[in-house]
Each structure stands twice: as structure tokens, then as C-alpha cells.
Amino acid sequence: MRKYRKRKQAAGMIAAILIALCLAGCGSVNRDTRIVLTTGFTKDEIFRIETASCYKKEVMVYLTNLQNQYEQVYGTEIWMKEQDGVTIEESVKQAVLAEIAQIKTMNLMAENYGLALDETETEAVNEAAKVYFESLTDVEKEQMDVTLDTIRQLYREYALADKVYDYMIEDVNPEISDDEARTITLQQILIKTGTKDKAGNITPYSEQQKSYAYATAVEALRRVEAGEDFDVVASRYNEAEESTVFIRKGEREAAYEEAAFVLGNEEVSDVIETEEGYYILKCVSTLNREETDMNKIKIVEERRKEAFSKEYDSYVQTLTRHINEELWQEVTLLHDSEITTSDFFDVFAEYYRQ
């Protein structure tokens, strides 16, 4: 969640939707929670997870801020586009629903853990709520149907979810060795033996074509071994998108990695057969310090995500969610030139845990 806040401060803020969809557990709310359609809702109640309710005005704050972030970068025409038959508007709505559902769920978990905001955190949340609310125009307050109490509640729940996340991942060891995170720098030449579709599936060439590809790879290797510059040979033969790559363990096919990680600096591999084709590798560096340090951060984040997901997903499976489908379908974007608010998450990040 803390990393989540920082990313939402990035230029354009468009990563917020992807993060909302990719955060551990978000998808689990829809996938694993038992969904029960019902008519027993209070006014403007969108959904209920056990005792936690979400109201339309809460959705509108998230939705309107994300809408304006999108429009700042792509313009209002973005809402006319589709992806895989789903409108961008519907994708944004679903992301907002998943995100708020996760936050509500984590607030329920806080009760089980005995967690609550302390005095300092509460003061920060209240100050952030005041600043954000006062930034809204009368039109924005009216159209989103919010009061200062609405914003306070949203920020309190957001902050408490952040605290729950920290609690759940506090036992993850942040110490990663160089060997575990080692990232090497390679130059590569690929002679393909199949065609790859957009989904990453490979259709193999005929045996005759594969034989020709192997002969081509052998010819390229012989040129390198004869002293020709690897870059020059790669410019002639390489069919990969990149000729220089940074590789960490677990990212490539086993045959590729087995050959790559035993090379010393400036050493060149034999022809390596993989599902994609025949590779020739040259090791530029057996330890890229910058990439290795970055990989350590990635590994820690992956471990935290795994620790969070394991406990969160287990908890989610015990819950029942009631969703007001009729009201949910009525929720739409606010197309009004006077509604420009987009810094709901920025204001929170500025005041909370600085």
C-alpha cells in the first residue's frame, strides 16, 4: 500500500488503475468472495462485505479522481475507446470497485488484528481530509455528493488498510544476497525457430526451416569465434527485439539460464536451443551492480506480495459480498468541465506518514 501511494504520485497518475488491478488480493475479492445479489440495501449502498458497506459517494470520489487523471493525459476521447470489447469506462469502474472492496476488507481484518489508527495518524488523516475537501468546488461537492465527513472516512479507511498491510508483511526478511539477486548483462543473438503470437504462444517452423536456422546460428557463432565483433555479427543475424539484455534467475527458459550464468566476462556460449529458437550469448558483466540492487528491491516486494496474498486470500474466502447490481449499473463518469479534482491520493500521501 505504501508503494501504491507513491506510485499514485507519479506523473499522469495513470498507473493507479493498473496498480489497483494488480495489487495482491484485489482480484480475489471478485474471484473468491461469495457474491449474493439482493435487494436489501439502504439508500445509495453499492455493496456490502459482511458488516462493511460502500456507498455511491465513496465510489464517485475514487472514480472522478481517476477519470480526471486519465483525461489530463489522454483527453476526453479516451472514454470512446475499448479494449478486448470492454470500454475504458467500464474497466475504470471495475478497478475502483476492486480497490474499494479491498480496502473495506482490510479494515475488517484490522478488527481481527486489534489494529487502529493512533492519535498522530488520525490527526494526519483529518488534516489531509480538510485540505482535500477545501480544494473542491461547490459543483464537485454537489456532483460527488460528499461532505468533509465523507472524505475523512475514506482517508481513515485508506490509512488503516495501509497499516494492516504493514502488519501483514512485517516478518518478511528484507535482506537479499547478491547471489540470489544477481543480474547479469548479456549480448545475444537469436535465430528463431517459430513464430510467436500476441499471447506468447509459439508455432514451430518446419523441420527443414529449423535445420536452416541451426545452420545459420552455427555460422554466426563461427564468425564470433573467428574474431568478428559480436555487435557486428548480431546486427546481421539477430532476430531478437534486443541485442543487450539484463537477466536475473527465473526469468528465462532453463537452457538459456544454465548457459548464461556460467559464463565469465567476455565469454561466448555455444549455440543454445530453446523453444523460441537458437541463441548465442556473450557475457558483458557477471554482476551488474545497479540492476542487482534493483532486483533486490523487486524480490523483497515479491515476497511481501506473496505473504500478503496468502493471508488476505484465505480471509477473503470466508466472506460474503452483497452487491447492488441495479445501482452499480447506474454509476457513470461525471462529464462536466467544472469537475477537475484529481489529487485525492496526492493529498493523502502528502500528509500521511511523511
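I will begin with helix 10, residues 207-225, which lies across strand 6, strand 10 and strand 11 and runs at about 25 degrees to strand 11. This is a predicted model, in which local features need pLDDT of at least 70, side-chain atom pairs count only at pLDDT 80 or more, and totals for chains, interfaces and linings use all residues. Residues are numbered from 1 along each chain as its sequence is written, and side-chain values use heavy atoms, with hydrogens and water left out.

Helices (H or I, at least four residues) and strands (E, at least two) are DSSP runs numbered from the N terminus; contact means heavy atoms within 4.5 Å, and angles, from 0 to 180 degrees, are taken between N-to-C directions of axes fitted to C-alpha atoms, for helices over the stretch in contact.

Helix 11, residues 230-237, lies across strand 6 and strand 11, at about 40 degrees to strand 6.

The open sheet itself has 4 strands in the order 9-6-11-10, with antiparallel pairing, where pairing requires at least two DSSP bridges between two strands. Strand 9 (244-248) and strand 10 (272-273) are at the edges with a single partner strand each, so one side of each has no neighbour in the sheet. Strand 6 (residues 183-192) and strand 11 (residues 277-285) are joined by 8 bridges, and I191 has Y278 of strand 11 as its bridge partner.

Turning to the lining of the largest cavity, helix 5 gives the most, with 3 residues, and the lining divides into 4 nonpolar, no polar and 2 charged residues, where Ala, Val, Leu, Ile, Met, Phe, Trp, Tyr, Cys and Pro count as nonpolar, Asp, Glu, Lys and Arg as charged, and the others, Gly among them, as polar.
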